[in-house]
Amino acid sequence: MLSLDEIDAVFARYYFEGMGAVSRYDAKFLCELIHDSQPGKCFEVGVASGMSTTFLLKALAKIGPERELVSVDISQQYYADRTKEVGYVVATEVPEPGCRFGLHFHHWSADAAAFAADEKFDFVFIDAHHSHPWATIDTMLILPFVKPGAWIVLHDIALKDIPRFARETGPFHVYNSFLPPKKKSQFENQNIGAVQITGSHRAYEAQLLASLACQWTVSGVIKESFTHRIFELVDRLYSADFALQLRSQIEAHNKSVAFSVSQTRRRS
Ligand SMILES: C[S@@+](CC[C@H](N)C(=O)[O-])C[C@H]1O[C@@H](n2cnc3c(N)ncnc32)[C@H](O)[C@@H]1O
């Protein structure tokens, strides 16, 4: 298993304040879960610098060959240093991954279906958009493509407890709404947690709806380019009642954002 010393050595080479990466203890949690669960095929949503990707790859290499990591990010440019490409740490830190690896820019959770066409995922790491309900939407779109027993790891489940990130409640609501089996880090502020998927995605509709029922904090409308894919997948994969509830909540959110924008314009 990757030791804390090995994790620290990577941080020493790349860490800078505000880089938006997992902490050393979050990395330890990820590596331990990989070691304990021995996944074959893994999916990561939200790469940024590539720190978490680096640890996932190093942890997978330790458990042996025939593993695979598919990492996706909506962006190609690293938001915390726009001179760099998403995943730049991986290129220098793991130039020859010890498993199959694909890094895909301009992709997101809706692409899980395509990446799981040959085989479903055993392990998922979600660390993308943190405003609610994005982590719930990510989880919803990935759930049909995980094997029973898979772990879905959620980063930043305690981010909302830091006052300046109070709106970043998305990962917390997923973790909190899902029933056991689940576990979270016992270190620092317990900012990373994982839920184990034991049944069909449809068995999780009530838990997804419980998460969706919490106050949404995403600012702005959820764009048509996203809703189009979300509705297409959910209509096809979930119950009609679930799809209807999701659709009406997203439409109500978008309407209310459009209304407040129009009110602000009228006042100014
Ligand atoms: C917090 S950073 C990820 C940090 C990374 N996991 C690490 O620990 O090194 C979030 C990343 O998610 C990406 N992102 C934001 N919204 C997304 C979405 N809906 N789908 C995929 N990626 C997204 C951003 O471009 C950003 O690179």
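In which sense do S1 and S2 pair, and over how many bridges? The two strands run parallel, and five bridges join them. This is a predicted model. One of the facing residues in this pair is Phe43, which stands opposite Val70 in S2.

Now widen the view to the whole sheet. It is open and has seven strands, in the order S3-S2-S1-S4-S5-S7-S6. The pairing is mixed. Strand S3 (100-105) and strand S6 (182-184) form the edges, and each pairs on one side only. Neighbouring strands are turned by 15° against each other on average, direction ignored. Strands of a sheet pair through backbone hydrogen bonds, in either the parallel or the antiparallel sense. Both senses can be followed here.

Take the parallel side of S1 that faces S4. S1 pairs with strand S4 (residues 121-126) in the parallel sense, over four bridges. Cys42 has Phe123 as its bridge partner in S4. For the antiparallel sense, turn to strand S5 (residues 146-155) and strand S7 (residues 192-196), which pair over five bridges. There His155 stands opposite Ile192 in S7.

Return to S1. Five of the five residues of this strand (residues 41-45) are buried, so S1 is largely enclosed by the rest of the structure.

S1, H3 and S2 make a β-α-β unit, and the unit is right-handed. How does the length of H3 compare with what its 13 residues should span? At 1.5 Å a residue, H3 should span 18 Å; its end C-alpha atoms lie 19 Å apart, which agrees. Ten of the 13 residues of H3 are buried, so the helix is largely enclosed by the rest of the structure. Among the buried residues are Met51, Phe55, Leu56 and Leu57, and also Ser52, Thr53 and Lys58. After H3 comes Gly64, with a positive phi near 120°.

Finally, the ligand. Of the 21 residues around it, Ala21, Gly46, Ser52, Trp108 and Ala128 come nearest. Helix H3 (51-63) and strand S2 (68-73) are the elements that give two or more residues to this shell. By class, the shell has 13 nonpolar, six polar and two charged residues.

Notes:
Residues are numbered from 1 along each chain as its sequence is written. This is a predicted model: local features need pLDDT of at least 70, side-chain atom pairs count only at pLDDT 80 or more; totals for chains, interfaces and linings use all residues. A residue is near a molecule or strand if its C-beta atom, placed from the backbone, lies within 6 Å of it. Ala, Val, Leu, Ile, Met, Phe, Trp, Tyr, Cys and Pro count as nonpolar, Asp, Glu, Lys and Arg as charged, and the others, Gly among them, as polar. A residue is buried if 20 or more other C-beta atoms lie within 10 Å of its own, exposed if 12 or fewer, and partly exposed in between; C-beta atoms are placed from the backbone. Two strands pair if DSSP finds at least two bridges between them. A crossover is right-handed if, with the strands pointing away from the viewer, the path from the first strand over the helix to the second runs clockwise. The expected span of a helix is 1.5 Å times one less than its number of residues. Axes are lines fitted to C-alpha atoms, for helices over the stretch in contact, and angles run from 0 to 180 degrees between N-to-C directions.
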